[in-house]
Amino acid sequence: MSRTAQSARNAGVSILVQIIVILLGFATRTVFIAQLGVAMVGVNAVLTSLMALLALADLGINGALMYALYKPLREGDAKATAAIVQYAGRLLRWVAVIIAVVGLAAMPFVHLLVQLDSTVEYLELYYAVLLANTVVGYLMLNRLVLLNADQKIYLTKIYSLVFNVVRSVAQILALMFVGSFLLFLVIQVLFTLLNNLFVYVRAGRIYPYIRARATALDRGERASILRSTRAMMIYRIGGVMLSNSTSLLVSLLVGTVALGYYSNYLLIVGAAVMIVEVAFSALTPSVGNLVASGDRRAARNVFDETVLLALLVHGAIAVSLVTLLDDFVLLWLGPEFILPLPVVIAAVLNFYVVGTVMPLWSFRSATGLFRRTQFVMLVTAALCIALSLAFAPVFGLVAVIAAPTVARLVTGAWYEPWLLIRDYLVGRVLPYFGLQLGAFLLWTVTAAGTFALGELVPDDPLLSLLWKALFIAIVFPLVSWAAFRRRDAFAALLKRMQHLAGRGRRGNA
């Protein structure tokens, strides 16, 4: 199967699975708010962000393992593959121990991050259960990464879907009939363990050679993985701080209840992030194989295509989110859950900026660029925290939400693509930045036109949502075609889609 077909299959299955998971997430959140209240939504967001910060202890092993596996998988070297997987397994078990120790040491301070008028009973117990879930998540993880590196992401997604569906149903029933946040969390731990165990066994059957005791990696190979791990560790620290400090800062600087309201919007924006993230993550193994072939011109062409695809996909979603979010939340939860428009714009801008540089993720891992840009995300995270602390007392919630976008724009959003194109691909970098700016202006005008159209609709949120959604569905493709039809990347994308559509028809014949 070609790299394009492999990527399309991985992306297609990943998107389908994620859509189902997102729908289950909305159902779970609706019942959660009804049974436990918006304040507990904020508490859950604080604890979840803390667990993500504790997961920094994986030191970037997952990314380093993917990077190390590309070559032996491409060459069919079973012995080297088994040796890397088993070595990573030992490292990840130590990671689980480190997370458990650090997490338990931090437990007495958790209450400082929850800013509510009353004390949350059993907060430390909730934290301990989520800590167990995080620790369990690293057990047997090495074989899952092997499946992903071998372009079998679609398998891991299908497996996770089954467990996610059963878990979500069990959690909803627990909330409806018991109303227990503790039971809600215990169910999460149980299904994390079952999912990991199932993937571990299945991978052992797909790759039987990894079950036998492998020859130990030599000193040079271990040193190479550890060097990649160190570089990814620093990058990961910055990335996780940037992604998860926002929720903690909102809780600390604005309040945990405000975080609960924002978390409802974040659930919707996060759903969009997850859909496109899994699709672009599915490209990483194919990009790794392409880069390993040494064809820099082909790599640049693929990069240009994925950049344009990212702009089109994230542009469409961003325009839809910024114009439809309030109507959706009004219909879903009611008028008391609506946030001011500047907060919505800030949240959507953050989604868009992250999304438009998403193609860099695949090339960062595949080329080893992460070794040279390892401090960029750390600087970005520090700047984000500084901006939040400086402006939140004046501007409130919107300042904390906007800080990550500003921090990214002045650091990695321009530096990483410039370095990638200059040193790992071919061609000029200026057209890349011109495309980014032009697309942003185009989407801004499209969103403004959608807002203007919405003003013509009577004060009916359902009618407003449908009317604006129809406008976007018609106008966005036309605007995109008019703006980008002359670009080589646009023609290449159309050709790839036609090729995949042809394969699909032949497969169904």
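**Core and helix packing in a predicted model**

Me: Which residues touch the most other members of the largest nonpolar core?
Reply: In this predicted model, the largest nonpolar core has 128 residues, and those touching the most other members are Leu47, Leu50, Tyr127 and Phe303.

Me: And which helix gives the most to this core?
Reply: That is helix H12, which spans residues 296-332 and gives 15 residues to the core.

Me: What is Phe303 in contact with, leaving aside its neighbours within four places in sequence?
Reply: With those neighbours left aside, Phe303 is in contact with Pro359, Leu360 and Phe363, and also with Leu420, Ile421, Leu425 and Tyr432.

Me: What share of the contacts join residues at least 24 apart?
Reply: Taking the contacts between residues at least 6 apart in sequence, 85% join residues that are at least 24 apart.

Me: OK, helix pairs. At what angle do H4 and H5 pack?
Reply: Helix H4, residues 78-106, packs against helix H5, residues 123-137, at an angle of about 165°, and their axes are 9 Å apart. Because angles over 145 degrees count as roughly antiparallel, H4 is roughly antiparallel to H5.

Me: Is the crossing left-handed or right-handed?
Reply: H4 passes H5 in a right-handed crossing.

Me: Which residues meet there?
Reply: From H4 come Ala96, Ile99, Ala100, Gly103, Leu104 and Ala106, and these meet Tyr127, Leu131, Thr134 and Val135 in H5. The residues of this contact divide into eight nonpolar, two polar and no charged. Tyr127, which belongs to the H5 side here, is also one of the residues that touch the most other members of the largest nonpolar core.

Me: Last topic, Gly260: where is its place?
Reply: Gly260 lies in helix H10, which covers residues 256-281.

Me: Buried or exposed?
Reply: Gly260 counts as buried, because its relative accessibility is 0%, and buried means under 20%.

Me: What is Gly260 in contact with, beyond its neighbours within four places in sequence?
Reply: With those neighbours set aside, Gly260 is in contact with Val38, Val41 and Gly42. The C-alpha atoms of Gly260 and Asn44 are separated by 8.6 Å, although these two residues are 216 residues apart along the chain.

Note on methods. Residues numbered from 1 in each chain as written. Predicted model: local features only at pLDDT ≥ 70, side-chain atom pairs only at ≥ 80, totals over all residues. Heavy atoms only, no water. Axes fitted to C-alpha atoms, helices over the stretch in contact; angles between N-to-C directions. Helix = DSSP H or I, 4+ residues; strand = E, 2+ residues; numbered from the N terminus. Parallel < 35°, antiparallel > 145°, perpendicular 65-115°, else oblique. Left-handed = near helix turned anticlockwise from the far one by under 90°. Contact = heavy atoms within 4.5 Å. Nonpolar A, V, L, I, M, F, W, Y, C, P; charged D, E, K, R; others polar. Buried < 20%, exposed > 50% of the residue type's maximum accessible area, 1.4 Å probe, protein only. Core = buried A, V, L, I, M, F, W, Y, C linked by side-chain atoms within 4.5 Å.
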